[in-house]
Amino acid sequence: MYLSKFISIFSFTLLGLLSLSCNQDTQWKGQDPIKKVDTHTLPIQLQYKGIFDVGDAIYLSNEFVGARLNGAARTNDTLITVLISPENEKINPSPWYAFKIWSETPQSIYIRFSYPENVGHRYYPKISTDGKHWLLLDSAFYRTENMMEMDGIEIPKNAIIKMNLNSDTLFISAQELITSIEVEDWIDQLDTNDFVSKERIGESQQGRPIEMMKIGNSDDEKMIFILSRQHPPEVTGFLAMKAFIERLCANDPLAIQFRDEYTVYVVPLANPDGVDNGHWRNNGGGVDLNRDWADFNQPETRAIRDIMKNKTVDPKNKFYVAIDFHSTWEDIYYTEDSTSTGNMPGLIPELIRLSADEFEGYEANIKSGLDSDARVSSSSYFFYEFGAESFTYEIGDNTDPKFVQEKGKVSAEKLMELITSN
Ligand SMILES: [Zn+2]
């Protein structure tokens, strides 16, 4: 039921995006080229975890996995201000928030989101009564003020929402909560298939497991690598990855044949510390993991590098495809420099084209060669180090969840059709 609400509001956004992407001139140009940065460990600011008593029998809390609430204070009789701040200074503007609120007596209250200087309100609030099922906040209860520019995009500096409170706890979050708990449940569910196994390939800065799934019945001669959630708030990209992987695990002739030929290695949660601590961007070492694929100063990137190197010690074994799932302002694909070729030349443009053809009026937004010199992101590492045809698969923050799922599924299907022998 909550889904239909999601869809009705999101479909408006989707139509807007689709019409926008039909016209090349107005397509979003994507992020600036990736620059190499220092990825040595930096201190992070830990959140105070507890209950915030703001008077009048209203309480807020960040005592759950994935929460981010740095302060809460009463501004006046009807308004509470919540303070949301990042884990450290060197940060990309992905202002994640997630907290709980309740009142001992039924009452309505306004909540104002406040962020540090130069950061605005990016994520439209999602609401849940149980932390599992989410819906978009009713737009009648949402308003914004003070427009500003962030990342070259016009967004509000602040948002104010109205909540009707009672003793039942409400979750308010930037995106639906998918922490290490939900990811583990998902892995365990897939692990019930006889062609799936899981392995702990390393530990994060703070000692959380880095888990990898192996999918397929073949040896390691033809391998595919899938990565997700280097960046904690990027839940929509994770959901595309989930649909993609589930399609590879289906029990139709195409998927069965695919799994007889290829082995898929998946690290669905590359940054468990960041996700579970409600970070905006970085890992437990205060570093953007997707800038650490040249120097490998962080344990998460090292674990993935080591397992990939280990799998390719035998020169017969090759990674043919690698996809890293993310989220950003709008759907976009960042592909590698088209003048260089890997183990299956031409595969990625063909895959993107065939996938896009499945959606009427949809034109894929593609930006190529973002990281061809610096070689600091995962996608360029997979390409230049292993010859894997690779790209960064970005889903918009507000892309319709139904479309996200369909797109993930279609991408998997087209990939299998393209690379499985007939
Ligand atoms: Zn990202």
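Mentor: Start with Glu385, which is partly exposed at a relative accessible area of 40%. On that scale, buried means under 20% relative accessible area, exposed means over 50%, and partly exposed lies in between, with a 1.4 Å probe and protein chains only. Lys309 is also partly exposed, at 38%. Glu385 and Lys309 form a salt bridge, with the closest N and O atoms 3.0 Å apart. Glu385 sits in helix H8 (residues 378-386) and Lys309 in helix H6, so the pair ties together parts that are 76 residues apart in sequence. A salt bridge here is a side-chain nitrogen of Lys or Arg within 4 Å of a carboxyl oxygen of Asp or Glu. Helices (H or I, at least four residues) and strands (E, at least two) are DSSP runs, numbered from the N terminus.

Some ground rules. This is a predicted model, where local features need pLDDT of at least 70 and side-chain atom pairs count only at pLDDT 80 or more, while totals for chains, interfaces and linings use all residues. Residues are numbered from 1 along each chain as its sequence is written, and side-chain values use heavy atoms, with hydrogens and water left out.

Now the other salt bridges. The whole structure holds 22 of them. In one, Lys36 meets Asp295, with the closest N and O atoms 2.8 Å apart. Lys36 lies in the loop between helix H1 (2-22) and E1, and Asp295 in the loop between helix H5 (272-276) and helix H6 (299-311), so this pair ties together parts 259 residues apart in sequence. Lys36 is partly exposed at 46% relative accessibility. Asp295 is partly exposed too, at 38%.

Glu417 and Lys414 give a local case. Their side chains meet in a salt bridge at 3.3 Å, N to O. The two are three residues apart in helix H9 (residues 401-419), which puts about one helical turn between them. Glu417 is partly exposed at 42% relative accessibility, but Lys414 is buried at 11%. Salt bridges also link Glu184, Asp188 and Lys198 in a network.

Next, the domains. The protein divides into domain 1 (47-173) and domain 2 (180-419), with bounds from an automatic or database domain assignment. Their C-alpha centres lie 31 Å apart. Domain 1 puts 25 residues into the contact and domain 2 puts in 15; contact means heavy atoms within 4.5 Å. The size of an interface is often given as the accessible area lost when the parts come together. Here, the buried area between domain 1 and domain 2 is about 1,800 Å², and carbon and sulfur atoms give 58% of it. On the domain 1 side, Glu87, Trp96 and Arg122 lose the most area to domain 2, together 32% of what that side buries. Buried area is the accessible area (1.4 Å probe) that two parts lose on being put together, summed over both.

One salt bridge is counted between domain 1 and domain 2. The side chains of Asp397 and Arg122 meet in a salt bridge at 2.7 Å, N to O.

Gln230 is buried, with a relative accessible area of 1%. Its side chain makes a polar contact of 3.0 Å with the side chain of Asn290. Another, of 3.3 Å, joins the side chains of Gln230 and Ser378. Not counting residues up to four places away in sequence, Gln230 touches residues including Trp293, Asp324 and His326.

Finish with the sheet. Six strands form an open sheet in the order E1-E2-E5-E11-E7-E8, with antiparallel pairing. Strand E1 (51-53) and strand E8 (135-136) stand at the edges with a single partner each, so one side of each has no neighbour in the sheet. Two strands pair if DSSP finds at least two bridges between them. Strand E5 (residues 98-103) and strand E11 (residues 170-173) run antiparallel and are joined by four bridges. Ile101 has Leu170 as its bridge partner in E11.

Note on methods. A polar contact is a pair of N or O atoms within 3.5 Å; within protein, one must be able to donate a hydrogen and the other to accept it, and residues adjacent in sequence count only if both atoms are side-chain atoms.
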